[in-house]
Amino acid sequence: MKTSLMLKEERASLISDLEALVDTAKTEAREFTQDEESRQADLNESIYSLDSKIANAEKTETIMARSMAGEASKSEERELDQHHKEYSLRDAVGMFQREGRLSGREAEMQQEAVKEFREAGVTPSGQIQVPIGLTYRNTVQSSGVTGIQQQGTLQGLVPESVIEQAGGNRITGVSGTVRLPSLPNDATLEKTEVDGMDAGSAMSATDIDPIRFASRIDVSNQVLNLSNASFDAAVAAQFRRHSGGLMDKKAWANFLTAASGATLRSATSTTTILGVDFSTANDLIAALGTADALNDSAAFFGSHAQLARARSQQAVTNGGIPTLQADGTIAGYKAYGHSQIGAGLLTDASFDTANEVYVGGVAGNAMDNEASAQPFFLVNMNDVYCCYWGGADLIIDNITEAHKGNTRMIMNYYANCNVAHGASVDFAVVA
């Protein structure tokens, strides 16, 4: 689909041809010849046709732009919702397999998605692209309850990130390198108006670039023949979960790099790295608070095994209250488990002696389970940003698995996630 700008350029070219035709007749003080009359009629018809196409293109571009910014009017929302309902991922895959190209609404949305990718500075590698405006999931509030409203299976293509569920900020429509919001490290100090004009402390900034997250599904050709709703729902759910896991995995690695280092545990030092306990959670709360980064949005993240331990362990000996309480909180802060948090995030050499894990640890005391060391995070979620460059990019491979009667699909997302300030994330070493 041509953009309104491309159509206007085409119209301008036709008008130039028409003006040249008229000028020639005027200069020679004569009427149009029969060929010129025919040419004039063709040009007039083409120009009027382009006027209509330009109006429609501008309307579509306005709807997509306002949808991205969350400012669509009710009528525009209804039109975008119609796109949601009528777009079929199954039909798009089928068209490509049969004809090698898309047509109709799927082709129109493909052009919008390609435009998004181009503006984001990303070159998609697939044959089918879906705009981010068709993949987001709306959060709605009703009677004081916040929930997720599924307006169709396509919206399920958006990665299901635990970090975003925990309160991380989602940013779409970005391009190139993204510089996250930043403040000078003395921003909390009281200043006069004159002092505020001074250079002050250095304003550090965190830049993030797009990372390609690829999720693969091999679908039997029998499944491809299912109803649109069944196919779209099954594919979207699988892509969403896997892509979300990849996004979170990258975020954990980014968080470790952003943090200044592990918070040493105040528990009695041993030659064994212990599992999470209430005192460790308290140490992290104190560390984040000291850094002026603690607020109600803060959340704990650890492996499912560590949270299971915290659920069965008493916060205070004989106190009867577990570290992880029934409402899913530790000391009042929400706690989330994630399968991508494990020993692989930390290298053995990073925490191989007691003084690297415990406050009172002895430098020469080697840890006997250093290979099992893993981080337990506390993160200020208000300072977490998950950025998306463009929408969904789908590769259709109907050759590799053809002998098995399967079609291979690879969904690419270009995204990344990090904290804007290193002080907003801290972790302790547990095992």
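The chain exposes about 21400 Å², of which carbon and sulfur atoms supply 49% (Shrake-Rupley method, 1.4 Å probe, with only the protein chains shown counting as cover for residues). This is a predicted model, in which local features need pLDDT of at least 70 and side-chain atom pairs count only at pLDDT 80 or more, while totals for chains, interfaces and linings use all residues. Residues are numbered from 1 along each chain as its sequence is written, and side-chain values use heavy atoms, with hydrogens and water left out.

**Overall make-up**
- The chain has eleven helices and 15 strands (DSSP runs numbered from the N terminus: H or I of at least four residues for helices, E of at least two for strands).
- Of the 431 residues in the chain, 43% are buried (under 20% relative accessible area, 1.4 Å probe, protein chains only).
- Among contacts (heavy atoms within 4.5 Å) between residues at least 6 apart in sequence, 74% join residues at least 24 apart.

**Strand β8**
- In strand β8 (residues 299-302), A299 and F301 point one way and F300 and G302 the other, and all are buried.
- Strand β8 runs parallel to β10 (residues 333-337), joined by four bridges, and antiparallel to β11 (residues 374-379), joined by three; pairing requires at least two DSSP bridges.
- F300 has bridge partners A335 in β10 and L378 in β11.

- Beyond its neighbours within four places in sequence, V379 is in contact with residues including F255, A299, F301 and V384.

Conventions
Buried < 20%, exposed > 50% of the residue type's maximum accessible area, 1.4 Å probe, protein only.
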